[in-house]
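Have a look at the structure first, and then we can go through it together.

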Amino acid sequence: MNEAFVSGIFPRSDDLIKAINLFERNRITKEDLEEKIKDEKNFWLEKQNGLTYISDPAVTWNDIFRPFVMNAKNMEIGPLTRYLETNTFFKKPIIRNYPEFFDVIKNEYPDKPILENVDKILLPGPYTFLSVAEIENNLDRKKILDTISDFIFSLARKYRYAEFKEFIVKDINTLKSLGDLYSTYSGKGYVFTNIKTKDFIDFPIDYTVKSENFKNLPDNVIIEFIDVFKTKLEDFSKIPDNIKITTNESLEFLPYSIAIKTTDLMINYPGGKHVL
């Protein structure tokens, strides 16, 4: 039996997009928007029933850094920056002094963290967080990294699994060097990257590769079979048994209706459901 789950941030429905726009123009109340957000989260939580791991949909996150920048003293939201080679952008974190994090994640929209019935949370990888940030005043990067890591891992420990986004890492040796850092996380975390290489045999943490060769794969390899940059639905007849499959990027890159169909296919493809 295969394992299957969805990566990253989930797309927003037209109803939620409209509600956010109305809230930003002071046309609806905070309570009205909270209700819409709750409905959207519940929809995606229910839609994932049958997948191996249920993910927090993160539908209120505009990017993976902003909730953390807003949650700390001495950091600010910076300019729009292109996300990899896509038409999607994130706002660059600006670190003006050593960060001091609050106890909970703040957000641009009224939101409450999910713990019940959720296996996995999306988190920015500390290395990538540091790498994309603009750091001022000749601050000690190692000290900043330790502070960011402590806070991110404190959140990760509340969940069964954590998805650490390390999309900035381009070199397998750099990724391997993060092993000691991630070993401080007391759980079955995995690293999701966009590295396209077969050199992963001795890497100790689950990490994602794209591969057409399903033979002799180590246990810690996740196959990024679902391409969210194509709206054509995948041919699931190619997938053998006993592998892990996920999307190659956040589900939000797909149109809302296609994202729903893709999730349904991941649950119902031949071979049955993926609940362990």
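1. Let me begin with Phe5, which is buried, at a relative accessible area of 1% (buried is under 20%, exposed over 50%, partly exposed in between, with a 1.4 Å probe and protein chains only). Please keep in mind that this is a predicted model, where local features need pLDDT of at least 70, side-chain atom pairs count only at pLDDT 80 or more, and totals for chains, interfaces and linings use all residues. Residues are numbered from 1 along each chain as its sequence is written, and side-chain values use heavy atoms, leaving out hydrogens and water.

2. A search of the whole structure gives 11 aromatic pairs (ring centres of Phe, Tyr or Trp, the last by its six-membered ring, within 6.5 Å; planes under 30 degrees apart are stacked, over 60 edge-to-face, the rest tilted). Phe5 and Tyr53 make one that is tilted, 5.5 Å centre to centre with 50° between the planes. This pair joins distant parts of the chain, 48 residues apart: Phe5 sits in the loop between strand 1 (3-4) and helix 1 (14-24), and Tyr53 in the loop between helix 2 (30-47) and helix 3 (66-69). Tyr53 is buried too, at 8%.

3. Ring pairs also link Phe10, Phe43, Trp44 and Tyr256 into a cluster.

4. The protein has 8 helices and 10 strands (DSSP runs numbered from the N terminus: H or I of at least four residues for helices, E of at least two for strands). An open sheet of 3 strands runs in the order 2-3-5 with mixed pairing (strands pair if DSSP finds at least two bridges between them). Strand 2 (72-82) and strand 5 (134-135) are the edges, each with a single partner strand, so one side of each has no neighbour in the sheet.

5. Strand 3 (residues 89-101) pairs with strand 5 in the parallel sense over 2 bridges, and Ile95 stands opposite Ile135 in strand 5. Helix 5 (residues 141-156) packs on the sheet, touching strand 3 and strand 5, and its direction makes about 100° with that of strand 3 (contact is heavy atoms within 4.5 Å; axes are lines fitted to C-alpha atoms, for helices over the stretch in contact, with angles from 0 to 180 degrees between N-to-C directions).

6. Which residues touch the most other members of the largest nonpolar core? They are Phe68 and Leu123, in a core of 58 residues (buried Ala, Val, Leu, Ile, Met, Phe, Trp, Tyr and Cys joined through side-chain atoms within 4.5 Å). Helix 5 gives this core its largest share, 8 residues.
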